[in-house]
Amino acid sequence: MTDDSCSGGSCHGGQRLLYEACIPALILTLLVNRYGVPIDSNSAVLCWVAYTLSLTPLVLRLARRNNDGTKSKAFRPGADDGAVWGSLLVPVSVLATSVGSAQPHPAIVLSLGMSASFTAYYQWSHLRRGARYIEISCFIWALWLACTVVIGYAGKPAFGETCGTMRSIAMLLVASIVQHAWRSEILRSLPRSFTMGEAAVFAQGLTLVALDFALVLSHRIRNGARDFAYWESHMHVLCLEAIVLGLWVSATVLARVVATGVLGKRARRGVPGLAALGSVFGGFGVLVLALVSFISHVNPVRWILVTALGSSAHRAVLAYWVVLLGVAGCVYALGHGDVSESTKLMLHVKRKSYHVLAALMFAPGLVHARLLLYLGFAVAVAGFVVVECMRALDLGPCGASINTFMRRFIDYRDAGPVVTAHFYLLLGCALPVWLGGDSVAGLAGVLSLGVADTAASLVGMRLGRVRWPGTAKTVEGTVGFCASLLAAIGAVLWLKGDAGMGWHWYAAVSAVVGVLEALTEQNDNLVVPLCMFALLQALA
């Protein structure tokens, strides 16, 4: 289907972006209007202000068109800037976790405040300098400040009974500053690895984790050792936050140390490089574990070991993972080791085989050992970060070999200094579990990436003829995505003996997620699982 009035595909790019942006708007509308938000009586006004303000990047992005050629070299090529997702993905995901809860949480308020802040920055950064530049800039930031005041006033109960309006607003301002600083640091230090929206999502997520951990630590310092029973039941959350913060700080410090040139090329590739890696990660690891022990009065190492090995179901799942990884390693060594002469189709199949492996590994864990899987994802992320630091910074004798192996499987989205494909796959499977999804919602990442995305790729490459406007994805691939996802959901419900919420709703979710996978230029391993999780939570 073509339109003679469109030039260079810009019209189709605008249509694609419009259709794509309707999906998070739809999810947010369902979450807000059907369930409300557990903040207080002003929650409707609060969410409406943040919601309407967050949608304005769409208008600006459509005005600039999808192929205007002005995108910064700091952003990942081959994609739009992702401003809509930078504004809406984190609030949508956080709001989805609050469905059915009457207890307010600071993450809801902070995510809405950061959404408004990012939107205001996006509007301001794309203003054209002219006669009314100062007046329009003042209006944008005044509107943002008014939105922040409303959010701070309505959301103050989330920070505690004694929290006043000024303190709540101050928390929002701190969150806005921190997320802007971290987004800028991500784009500066890892150019061409992320779109603006992807960098914003990661910066907002890190900010939520850091501020929540800081609030817990300050509460422990002010009030002393209390609530031991509470922390014993929430140790998994505390350990996850500590691991994420420790990894972020360790990787940043290690990169700065290597950039100073203290380690020469020869030393970096030898024992001194490994010593630097171990010292930085080990030092910050001990620090965050000590903070966890201080907050909870529980030895985190002992708790992790008891959790992992203290249950027969956990031990069985661990043995299953070891066997599955061993079989996968043997298969790769025997038939998948040399991809240099592979065709495009075979290379694509080998990349998608990791999606299938993820589905086979993680689905049984969620059914039989949910807490173990929760911690296992955190440990896997830690391992990926350490290995990627060895590869990207060329540390130790294995750094070059790891780089050679990883470069065999990269695609156009890995244009920057870090290889992100495996991180997105792992995080796409982990985030629905970390956010608290049960049953099908918790398996959103495993089903959409391990099953449906793989089917869509293979069907699209073999049978695809009709392409979606403005993309290389095919309608036939999307049909394969939707059909396989619906079948996988049916299999999960049958195995668990769960009637679910009705097949028409699951079909609708599969269709919406399938269209999103076809239209988005953001990394679908991040966007698709979170949207599927939020939709399932909203319709549950």
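**Salt bridges and helix packing**

R188 is exposed, with a relative accessible area of 52%, where exposed means over 50%, buried under 20% and partly exposed in between, for a 1.4 Å probe and protein chains only. This is a predicted model, in which local features need pLDDT of at least 70 and side-chain atom pairs count only at pLDDT 80 or more, while totals for chains, interfaces and linings use all residues. Residues are numbered from 1 along each chain as its sequence is written, and side-chain values use heavy atoms, with hydrogens and water left out.

**Salt bridges**

- The structure holds six salt bridges, each defined as a side-chain nitrogen of Lys or Arg within 4 Å of a carboxyl oxygen of Asp or Glu.
- R188 forms one of them with E185, the closest N and O atoms being 3.0 Å apart, and E185 counts as buried at 18% relative accessibility.
- Both R188 and E185 lie in helix α7 (residues 165–189), three residues apart, which is about one turn of the helix; helices here are DSSP runs of H or I with at least four residues, numbered from the N terminus.
- R391 forms a salt bridge with E388, with the closest N and O atoms 2.6 Å apart, and these two residues are three residues apart in helix α16 (residues 370–392), about one helical turn.
- R391 counts as buried at 5% relative accessibility, and E388 likewise counts as buried, at 6%.
- The side chains of E517 and K473 meet in a salt bridge of 3.3 Å, N to O.
- That pair links distant parts of the chain, 44 residues apart, with E517 in helix α22 (residues 503–519) and K473 in the loop between α20 (444–463) and α21 (475–496).
- E517 counts as buried at 6% relative accessibility, whereas K473 counts as partly exposed at 31%.
- Salt bridges that share partners join E185, R188 and R256 into one network.

**Packing of α10 and α12**

- The axes of helix α10 (residues 235–259) and helix α12 (residues 271–296) come within 9 Å and cross at roughly 150°; axes are lines fitted to C-alpha atoms over the stretch in contact, and angles run from 0 to 180 degrees between N-to-C directions.
- The two helices are therefore roughly antiparallel to each other, a term that applies to angles over 145 degrees.
- The crossing of α10 with α12 is right-handed, meaning that the near helix is turned clockwise from the far one by less than a right angle.

**Packing of α12 and α16**

- Helices α12 and α16 pack at an angle of about 145°, with their axes 11 Å apart, and their crossing is right-handed.
- L274, L277 and F281 in α12 meet V385, V386, C389 and M390 in α16, a contact with seven nonpolar, no polar and no charged residues.

**Positive phi values**

- Most residues other than glycine have a negative phi.
- R192 has a positive phi near 65°; R192 is found in the loop between α7 and α8 (196–223) and counts as partly exposed at 36% relative accessibility.
- H297 has a positive phi near 60°; H297 lies in the loop between α12 and α13 (300–309) and counts as partly exposed at 49% relative accessibility.

Notes:
Parallel < 35°, antiparallel > 145°, perpendicular 65-115°, else oblique. Contact = heavy atoms within 4.5 Å. Nonpolar A, V, L, I, M, F, W, Y, C, P; charged D, E, K, R; others polar.
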